[in-house]
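Trainee: I would like to learn how to read a model of this kind, one feature at a time. Please give the general idea and then the case at hand.

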Protein chains: 4
Amino acid sequence: MNLELALRMTEAAMKQAAREGASISVAVVDEGGHPVSFQRMEGAEIAGPVLAQGKAYTSVALRRSTEDLAELTAPGGELFGLAGDRFLCFGGGIPLWADYGEGERVVGGVGVSGGTITQDVRCAEAAASVWRTR
Amino acid sequence: MNLELALRMTEAAMKQAAREGASISVAVVDEGGHPVSFQRMEGAEIAGPVLAQGKAYTSVALRRSTEDLAELTAPGGELFGLAGDRFLCFGGGIPLWADYGEGERVVGGVGVSGGTITQDVRCAEAAASVWRTR
Amino acid sequence: MNLELALRMTEAAMKQAAREGASISVAVVDEGGHPVSFQRMEGAEIAGPVLAQGKAYTSVALRRSTEDLAELTAPGGELFGLAGDRFLCFGGGIPLWADYGEGERVVGGVGVSGGTITQDVRCAEAAASVWRTR
Amino acid sequence: MNLELALRMTEAAMKQAAREGASISVAVVDEGGHPVSFQRMEGAEIAGPVLAQGKAYTSVALRRSTEDLAELTAPGGELFGLAGDRFLCFGGGIPLWADYGEGERVVGGVGVSGGTITQDVRCAEAAASVWRTR
């Protein structure tokens, strides 16, 4: 992950948010889950820094989209009980994969918060698309 | 938010608590979620400072009443997993809105804890009414 | 504080870092101390997110530059003991003041980490200059 | 960082501890500061997991030996106030550098706790030597 790419991903997420009519926060983290960039749009809620960074971190830490984790952590799911302050398990966080010659591995993540879960997921997907076509 | 208004809101919540026969704690926070005032009635539980301030913070951070968040964070809800130490997602926290010329935004919140959830919600509503008719 | 201005401030800090030969992280927070933007340069240390955001928060929370707090919190200083995980009290955080008709107040802050303290302070100053001449 | 190397480093640290007559804990972390291995010797204190991992994390996060940080964070040092729960700033943590074609960078760290600081430093150095001659 590098800053230039993180900013392009952020821009794509925010353009999608504008289309959705949502005000969002966008975080991009590196393979260690540490923030590379964060932006909170005008009018986006103050929980955004915590939630967007938390979703991005969670997607890297567990190598799954937080949307998939929502199912796994629901009552009856095999990871029920995981969701909490550390791991945010509802849609909006997506891990970013790459193969630098040693096989596919997670090298970063993006997290979006501020809209509905459906909107957050679409905005995160817009960011992840930039990554996949980099 | 200012202290004089916060104290009037607190007084209204406590009057409602007296009618309910409940002993409560009342927190009022500003738009950043930071406490402006806190009062714990004689006989109210020591969890009150944590819970009342937590509900008030949560209502500001997520711009929803914590009663609405209870539904959203219940099993099957789209924010299931959000409830935890940081975000308190059961009734008693209400965000306070105002329009200072740039559109409606959350400029503070009130949180009540100590009675039943129904009582806490009614006390918080009494405080919010003061805000709305300020 | 708004995102557009935060990004301009960040750019100014990073340009200064380039002149200094330093790799830095830059955080801008609002009047509640909540992040509006964060950027970590290529090669900047992973402590950057914690330290830059912490310095920015501290400068807002205590309404002083963290450089001034370094003196106050040193042994013999009147705030000795304040420095810790919550309040970061060494140079690199600067509060941002404005008067929107109710007198001067702190409406945000900038925090820089990654270089020497002297470099961090100069980069934060570059950002604050953008604010003052906005 | 990989597990095989982490274990060889740990073994070297423990051999040194035996020579010193000390019982230690040894942590090895990756470039994100996340543990790769941890071992606590028979008789070593239960603070070891916290302290050894904390020193290793700190050495990576700040790219300095925690022994150097001890000077910087002492009264009068430019990072006075940094030491706390998050960053452990006394000897025993050493960052591990490598150049994988993009210049030297920190790719992991080792942390030792349980003996005197002098002993911890010598044990960590023994581990770091394994890294340097890998």
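Trainee: Is D:C123 buried or exposed, and at what relative accessibility?

Mentor: Buried means under 20% relative accessible area, exposed over 50%, and partly exposed in between, with a 1.4 Å probe and protein chains only. D:C123 has 0% relative accessibility and therefore counts as buried. The model is predicted: local features need pLDDT of at least 70, side-chain atom pairs count only at pLDDT 80 or more, and totals for chains, interfaces and linings use all residues. Residues are numbered from 1 along each chain as its sequence is written, chains are lettered from A and ligands numbered from 1 in the order in which they are written, and side-chain values use heavy atoms, with hydrogens and water left out.

Trainee: In which helix is D:C123 found, and which residues is D:C123 in contact with, leaving aside its neighbours within four places in sequence?

Mentor: Helices (H or I, at least four residues) and strands (E, at least two) are DSSP runs, numbered from the N terminus. D:C123 lies in helix 4 of chain D, residues 117–132. Contact means heavy atoms within 4.5 Å. Apart from neighbours within four places in sequence, D:C123 is in contact with D:A13, D:Q16, D:A17, D:I24 and D:V112. The C-alpha atoms of D:C123 and D:R19 are 9.6 Å apart, although 104 residues separate the two along the chain.

Trainee: How is the span of a helix checked?

Mentor: The expected span is 1.5 Å times one less than the number of residues. Helix 2 of chain A (residues 48–62) has 15 residues and should span 21 Å; the end C-alpha atoms are 21 Å apart, which agrees. Helix 2 of chain B (residues 48–61) has 14 residues and reaches 19 Å, close to the expected 20 Å.

Trainee: How many residues of helix 2 are buried in chain A and in chain B?

Mentor: An α-helix has 3.6 residues a turn, so residues three or four places apart point the same way. In chain A, eleven of the 15 residues of helix 2 are buried, among them A:L51, A:A52 and A:K55. In chain B, eleven of the 14 are buried, including B:Y57 and B:A61. The cover over the buried residues of helix 2 of chain B includes strands 1 (25–30), 2 (35–40), 3 (93–99) and 4 (104–113), and helices 3 (66–72) and 4 (117–132), of chain B.

Trainee: What is the phi of the residue that follows helix 2 of chain A?

Mentor: A:R63 follows helix 2 of chain A with a positive phi, near 55°. C:R63 is not a glycine and has a positive phi near 55°. C:R63 sits in the loop between helix 2 (48–62) and helix 3 (66–73) of chain C, and counts as exposed because its relative accessibility is 56%. D:R63, also not a glycine, has a positive phi of about 55°. D:R63 counts as partly exposed because its relative accessibility is 30%.

Trainee: How do I read strand pairing, taking strand 4 of chain A?

Mentor: Two strands pair if DSSP finds at least two bridges between them. Strand 4 of chain A runs antiparallel to strand 1 (residues 25–30) of chain A, with six bridges, one of which pairs A:A27 with A:G111. Strand 3 (residues 93–99) and strand 4 of chain A pair in the antiparallel sense over seven bridges; A:L96 has A:G108 as its bridge partner. Four residues lie between the strands of this hairpin, where A:G101 takes a positive phi near 105°. Eight of the ten residues of strand 4 (residues 104–113) are buried, so the strand is largely enclosed by the rest of the structure.

Trainee: Which chains share the most contacts, and what area do they bury?

Mentor: The size of an interface is often given as the accessible area lost when the parts come together. Here buried area is the accessible area (1.4 Å probe) that two parts lose on being put together, summed over both. Of the five pairs of chains in contact, A and C share the most contacts. Chains A and C bury about 1,400 Å² between them, 52% of it on carbon and sulfur atoms. A:L3, A:F38 and A:R40 supply 34% of the area that chain A buries against chain C, more than any other three residues.
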